[in-house]
Amino acid sequence: MYELKTLLPQFDINVPKCMYEMKNLNTAVVAEKGCPKKVTEVIIFFFYFYNNHINHLMFVPFLKGFLKFFGATTAATTGTVSTCCPLDLDKLGAQIQQIIKVSGGDAQTVVKRQEKVMLQLEELKKQLAGIRSTLGLCQKGIQATSYISNNNGGLREEPLHDIVINGHPNFIPYALLAMKNAWKDLFTIDVKTFTHSTMNDIGKEAKAFEQALKSVKVNPDKPKVNVTLIWKNCEHTEMISSPTMYVPIYGEVNIIRYLGRVGPAEYRYENSPLCNEIDVVLDICYQLLRCNTPKARANIIRLLNNRLQKQQYFGGDKMSIADIGVHSSLRRMPAITDKDLTPALLEWRKRAAKFTLI
């Protein structure tokens, strides 16, 4: 084989003195002359069983029976009886008892030190919780654990992380306000807004949007996701869902899809027979927001009218995230007035406004 050169020079390693040092348990035991290593190994082996597997009062009889059985099995298998290291079972039992006696004090000391450390950690946890409460940060307790959901195909759901949405004041994500109003009795979306240094003034409409978000009360008893909305000079509305790496989700429609999957079960549409239809409606919303001519907007409105047909909502007979997407998209398009909408869309808009309140 190819031999590599030594990369690190030989040097002495200084063992740190900060760790708690336990006494060597084997120093108090004198092994049998002739084979001390084997005796020590047997003692350590059975001392492990003493602490973990069998009743303490039955340990010595168990040890004697095992050694007799082991010797008989060896003689039957090989035809010879090993005499290289004769063991005195009484002396071996006395040695093990000595180990237990010597180690008992040290083990008890370690247990006490561990209990003291646990109490200090618990006190530190309470202090950190108090600091977080004072700063108004997200409070995540023991409830934020993964669980198996029957409403999501049996997939394991992880705790919801705080998400960040970057948006331009000219493209206000009204879907956040719509979902916050529609879900107020089922799920809480706690939105806090900030202004990036790239924006001098967010405008009256964005300020009114902030006040509308604040007016919706937060129910602490409902599942909650914290959303930080940052007004920023950016081209697209983007959401960052990963707390450890920058993985943006672009577009308000895709943000609606994400929140629809982690939100209340009543608005999750994966198991709905209209799943594909809801996705198509959300795709139409994406196209609507990028229409630059009246003719293109009229074609999209015609598609929406055909999708609505005789049903009350785009998701069937109940409100769905498809309706939230359409309602928010129409709100974001000031060029589209009531004159541009069909009678069916006008009636639908009134019904949806009772939920979204926008």
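A salt bridge is counted where a side-chain nitrogen of Lys or Arg lies within 4 Å of a carboxyl oxygen of Asp or Glu. By this rule, the structure holds nine salt bridges. The structure is a predicted model, in which local features need pLDDT of at least 70 and side-chain atom pairs count only at pLDDT 80 or more, whereas totals for chains, interfaces and linings use all residues. Residues are numbered from 1 along each chain as its sequence is written, and side-chain values use heavy atoms, with hydrogens and water left out.

- Arg257 and Asp279 are joined by a salt bridge through their side chains, at 3.2 Å from N to O.
- Arg257 belongs to helix α6 (residues 252-262) and Asp279 to helix α7, so this pair ties together parts that are 22 residues apart in sequence. Helices are DSSP runs of H or I with at least four residues, numbered from the N terminus.
- Both Arg257 and Asp279 are buried; buried means under 20% relative accessible area, exposed means over 50%, and partly exposed lies in between, with a 1.4 Å probe and protein chains only.
- A salt bridge also connects Arg257 with Asp283, and the closest N and O atoms are 2.8 Å apart.
- This second pair links distant parts of the chain, with Arg257 in helix α6 and Asp283 in helix α7, 26 residues apart.
- Arg257 has a relative accessible area of 13% and is therefore buried, whereas Asp283, at 36%, is partly exposed.

**A further salt bridge and the network**

- Arg261 and Glu270 meet through their side chains in a salt bridge of 2.9 Å, N to O.
- Arg261 counts as partly exposed because its relative accessibility is 36%, and Glu270 counts as partly exposed at 30%.
- Arg257, Asp279 and Asp283 form one network, joined by salt bridges that share partners.

**The loop between α6 and α7**

- Glu266 is located in the loop between α6 and α7.
- With a relative accessibility of 53%, Glu266 counts as exposed.
- Glu266 and Lys318 are 52 residues apart in sequence, and their C-alpha atoms are 9.5 Å apart in space.

**Helix α8**

- Helix α8 (residues 294-308) has 15 residues and reaches 21 Å from its first C-alpha to its last, close to the 21 Å expected at 1.5 Å a residue. The expected span is 1.5 Å times one less than the number of residues.
- The buried residues in α8 are Arg297, Ile300, Ile301, Leu304 and Leu308.
- Viewed down the axis of α8, these buried residues fall within an arc of 100°, so they line one face of the helix. The arc is that of the directions from the helix axis to the C-beta atoms.
- The buried residues of α8 pack against α7 (275-288), α9 (321-332) and α10 (343-356), where contact means heavy atoms within 4.5 Å.
- Gln309 follows α8 and has a positive phi, near 50°.

**Helix α4**

- Nine of the nine residues of helix α4 (residues 174-182) are buried, so the helix is largely enclosed by the rest of the structure.
- Among the buried residues of α4 are Tyr174, Leu176, Met179 and Lys180.

Terms used. Helices (H or I, at least four residues) and strands (E, at least two) are DSSP runs, numbered from the N terminus.
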